[in-house]
Structures are given as structure tokens and as C-alpha cells.
Amino acid sequence: MAGLALEQLRKTYAGGVEAVRGVSLDVPDGAFCVLVGPSGCGKSTVLRMIAGLETVTSGAITIGSRTVNEVEPADRDIAMVFQNYALYPHMRVYDNLAYGLRNRGTPRPEIETRVREAARMLGLETMLDRYPRQLSGGQRQRVAMGRAIVRKPQVFLFDEPLSNLDAKLRVQMRVEIRRLQRSLGVTTVYVTHDQVEAMTMADRLVVMNGGRIEQVGTPIEIYRRPATRYVATFMGSPPMNILPAEVVPGGVRIEDATIPVATPGLAPGAAVEAGIRPEDLRLAPEGLAFGVAFVEELGATRLLHGRLGGAELVVQVPAGPEPAEGAAIRLAVAPGALHLFDPGTGQRLGMPG
Amino acid sequence: MENRRFGNLIPHLVLCFGVGVVAFPVYLALIGSTHDAATIANGRMPLWPGSHALETYRRALTESGMAGVPVATMLLNSTITALAIALGKIAISLLSAYALIYFRFPFRQTAFWAIFVTLMLPVEVRIYPTYKVAADLNLLDTYAGLALPLIASATATLLFRQFFLTVPNELVEASRIDGAGPVRFFLDTLVPLSRTTMAALFVIQFLYGWNQYLWPLLVTTRDDMQTVVIGLRKMTSITDQLTEWQIVMATAVLAMLPPVFVVFAMQKLFVRGLVETEK
């Protein structure tokens, strides 16, 4: 077992496109690290560089105590699960699992043992004689994971492995992957664009944007204390509301209401951006004036869409008949739930919360 | 849609007519090969089988008649040549398409276009230089001389190239991570996946090789090296004796059998190779 470290990793493609612009990251031994970000943020490129499928422009990749920049993918002691599974269509499940071991010259009985063991872990024992085309999506996914497991690598790499599954199966596989990773204790890097997957699976969540890391932390840290406006709006569904605000003594003023919040180091009169999660707003006798334009019913909760001054706003309230569409209501912010960001740089301001 | 049954009638009639037009000459050849020389020579071709089939085929296969060698020898020559051409083409095209798609080397595009351009240079166009090369290499009257110049194939290379383009890139990457080098990937993954494409090409190229006329005519001078297509032609154009048409017909029928066999044997794979997109 071993940890993984990236140091000032950069990737510039031949055309001059900078896909990754200096990523440094430490993944402790046995951790489940999720890279999340929109498409084109460089997360897959980072993963592919770790795998050795892309060359490194500059920086260093260290697995355990070994720098592997120039090492062939097969010799990096990693295993990868691809988005489309990349099973060998002409090989039976057994051979798909055994192929990597055979290429390494593992003795036959050992291959047999390892393949059977992986198949048992994944519930594939009865399918070893089938071809990939005879399997369902979820089963193929399992075979792809089995191929990674039999190798007993130091690092697992997952490249959006669940995006080809239907919603129900995705939830199920999410849990299964997590359980498997815990029981094997293998350091894992998992790439996804789905923030629910990221939140639920990660020990260590890395939010990326534009080839850089925006924030690293536990899912709760990132949700509670987003380091930038970008992270704040990317993580969470529905996304955090961002409203223009002005610093006043004792708090910030949004439209005509003043919300008490600590503003250390901010001069009164300074313009800031206030972030409020939809679930941190509640109906109140007085506060922010809000007109409900329309309502989304989610069953357990309702989402109120509307405008507050010039900005779009979403409010999450418990299920119930009130307020109806067209209602004019007032909103209060839960104490300590206000995030302040610099309107220029998008960086988090002060220490509220 | 309700009129389906009736609506199919006319297309079927047209098809039957078409089959008749194509099949009739073949039938005639088959019938002709069962009569004796006199029956055919009197100018009225019978439409029903005669009683000399066994004798005619025995003579055609074993006697060095009008073509100078028995048909058996010519069939053997044709088979060896066509097999060498088909297999050679597949081997060479697989390798060149593999290089074109999976390796980055200087002048890759140039190589691709160079191969592409040879589509416009069939044997007929480059016949003189090709003959000169074959002669200088002492390849006249050899199987190598019959097959080698026809082996390079732009069509097959392009077909494999198209197929390789549809093979997902992740398969290459999975192979790399599984520790398979370029040769392993080629043999363990690409070749098995190309099976149906190879079958389709084999059928096409076997027929191509079998039906060659001009090149075998030039490159063979000895009777015992000639292919059956050449022999057949020779039989019909002898001047100093009577053409034994029943033998010619029998030779034609015999010359047809190997290609028919190849087509029938590989029909399923052939169709799958041409239409398959499932991966």
C-alpha cells in the first residue's frame, strides 16, 4: 500500500492548450480521493497522467516513494477503471480478469486463485464463462472493477465509471465501490463531474476548475466553508445563491435588509458578494423581500424560484401548501449561514460560519 | 402495409427473372459438360443432361489436352496463387493499417496518402515496370511471381484502417495498463477483433486473385504454371484442332467450384464483416 503525491503537475498539449496548470495534491495511503469539476477542468487529464496514459509536461507524480513520471503504465502498480469499461469484447470474463496477470507472467494457479477471489467479492462467479456482450451494464462495470482488483495495485484510478449506468444502478454501485475500497484499503483517485457522487464517496474531495485546484477538503468542509465562489456554486444542489451586498457596521446589507454577520477586516461601504444556500433561507415575518415566481415540488421539500432585487434566488422550504406561486414573502437567513466572497477574485472573505 | 403479400409479388418476379438471366449460362455450361463432342458440335445445344458426364470430367481433370496440362494442375496453380494473394494482402494490410492508426511516426500522413494513391495504379497501369522487376528477380514462372506483385493492397489497408478507427481508444489504454506491448495488443486484441473484417476481405481477395487474367498471362510461360483462367482461354482459341467444347464446359464448371466454395463457407462471416458495427 502507498500514498500518492502530485507536485506542481502541469500539462500543456502540443497545440499550446494548458489543460493542467500546476496541481499539487497529497492523497494519504488508503484514502478515497475524488476529483470533481465541470468538463474541461483538467480532472481527467490529471488522472490519465497518474495512469501514465498522458505524458507529464512538468511536475512530479510519486506513488509510495517512487517518482513514476517516466514509468510505463503497466509498471506503475496502478489499475484503472474506464468510463466505457474497456473490456476486451472477444475474451470471456475470466480471461478479461486474467489478462493483466498473464502478461506479467503470474503463475497459473495464482491467477486462478486471484480471479476466483475477485469474482467472489463482486458476485461474478457464475459469469466467468460469459462474454462481455452477454452482461448487463452493471455486470460489465463489476468486471471492469474485477480487472482492477485482481492486480492488487497500490492505487486504483476511476474515470467517471458510473456515468453509463442508469440512476438507480448508479446509487447502488456508488455504495458498492465505496465498500469495496474500504475493505481493500487501496488508495483511490476517482474522477467525476457529478457532485452528488463526489460528496457521498470522498474522504478527500478536490474541486477543480480551469486546470487548477480550487479547494481540497472533506466533503463537509467544502460544503460548509467553500473557499471560493466557484466551489460554493458548484457543490450543492440546488446551487448556492449569490447576491450582491454591501458591508455595513455589524453586518452586510442585501437590498433593504441588514443581516448580522462578522466582517473582520472589511471596511463599511465595501461591496461584497453574499452566498446563501437555498436550505439556509426560511420564511420570516420580516427580512428580505421575495416574490415567488414559481414553485418546484420535490416531495419532501419545495423549491421557490423568484427574484430578490436584481438577482435570481432559490429557496428550499419544507413541504406544505404555503407559500403559493405569486406570493410576496419575507425571508430570514439562518444564523451563521452567510458566506462572503470578494466580488473581484471570488475568494472567501472573513471567517463567518 | 395490408397489401404486403401482393406488393411483394412483383419484386419477386423481377428477382426470379434476374436470377434466371444470371444462372442460365451457368446451367448451360453444366449441361454442355455432360454431352459428347458430336452433340455440341452439331450446333443445337441440348437443354437436358447427357450421359457423358463422368468421362468428360475424368478427361478434363487428368488428360493434358488442349491447354497442355490437366485441369487438376491448373486448379492447383490457381488455388495456390489465389490463397497467397488473399492471405498476403490481409497480412500486409493489417500491419500497414496498424502502423497508420496506432503509431506516430514522421510522414505518417504522407504514407497514408501514398497508399491511397496506389488505388489509382492497378496492375494494368504499372504492367511494364512490374514485369521488369519480376523478371529481374527471377520470379517468372514461379508462384511468388504470380502472387507477390498483386499482394500490396490499398483497398484492404483502407478497410482495416476504417475498422481500427472504430476500436475504442480505451481498449488500447486498458491493454497498456494490463502490460500488453504493441505486439501483444495487436495479436491478443486487434487481430481477434478484426476476424470478421478479415473474412470479408478473404472472400473478396480470393475471388480477385482467382479471376486474375492479364498478370498470370504475362508472368507464366510454362504450361504447368498456368492458372485455370488462362488455360480456359487457351482452350477456346486453339487453331490447329477442333475445340472440344464439352471439355471447355467441364473446365469452366471446375474453375467455378473453388470460389463458390469459398463464398458459401464464409458467407455468414462475410456479411457480418461488411455490416457489423456492434462492438
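Colleague: Where does UniProt put the "domain: ABC transporter" feature?
Modeller: On chain A, at residues 4-235, according to an unreviewed UniProt entry. Keep in mind that this is a predicted model.

Colleague: How much helix and strand is in residues 4-235 of chain A?
Modeller: That span comes out at 37% helix and 25% strand. Its end C-alpha atoms are 25 Å apart.

Colleague: And what domains is chain A divided into?
Modeller: Domain 1 runs over 4-233 and domain 2 over 243-349. Their centres, taken over C-alpha atoms, are separated by 38 Å.

Colleague: How many residues are in contact between domain 1 and domain 2 of chain A?
Modeller: Six from domain 1 and seven from domain 2. On the domain 1 side, the classes are four nonpolar, one polar and one charged.

Colleague: OK, cores. Which residues touch the most other members in the largest nonpolar core?
Modeller: A:Val34, A:Leu157, A:Val189 and A:Val206, out of 102 residues in that core. Both domain 1 and domain 2 of chain A give residues to this core, so it lies between them.

Colleague: What does A:Leu157 touch?
Modeller: Leaving out residues up to four places away in sequence, A:Leu157 touches A:Leu47, A:Ile50, A:Ala51, A:Ile78, A:Met80 and A:Val189. A:Val189 is also one of the residues with the most contacts to other core members.

Colleague: Which residues does the second, separate core include?
Modeller: That one has 30 residues, and B:Leu159, B:Ala199, B:Ala200 and B:Val219 are among them.

Colleague: Switching to chain B, then. Which residues carry the "transmembrane region" annotation?
Modeller: The unreviewed UniProt entry lists 12-30, 80-103, 110-131, 143-164, 185-208 and 245-266 of chain B.

Colleague: How helical is 245-266 of chain B?
Modeller: It's 100% helix and 0% strand, with end C-alpha atoms 32 Å apart.

Colleague: And 110-131 of chain B, how much helix there?
Modeller: That span is 59% helix and 0% strand, and its end C-alpha atoms lie 27 Å apart.

Colleague: Last topic: how many residues are in contact between chain B and chain A?
Modeller: 15 residues of chain B contact 16 residues of chain A. Helix 10 (169-177) and helix 11 (182-193) are the chain B elements that give two or more residues to that side.

Colleague: Which helix gives the largest share of the chain B side?
Modeller: Helix 10 of chain B, with six residues. By class, the chain B side that touches chain A splits into seven nonpolar, two polar and six charged residues.

Terms used
Residues numbered from 1 in each chain as written. Chains lettered and ligands numbered in written order. Predicted model: local features only at pLDDT ≥ 70, side-chain atom pairs only at ≥ 80, totals over all residues. UniProt positions renumbered as here; feature names shortened; annotations may be inferred. Helix = DSSP H or I, 4+ residues; strand = E, 2+ residues; numbered from the N terminus. Contact = placed C-beta atoms within 7 Å. Nonpolar A, V, L, I, M, F, W, Y, C, P; charged D, E, K, R; others polar. Core = buried A, V, L, I, M, F, W, Y, C linked by C-beta atoms within 7 Å. Buried ≥ 20, exposed ≤ 12 C-beta atoms within 10 Å, placed from the backbone. Domains from an automatic or database assignment.
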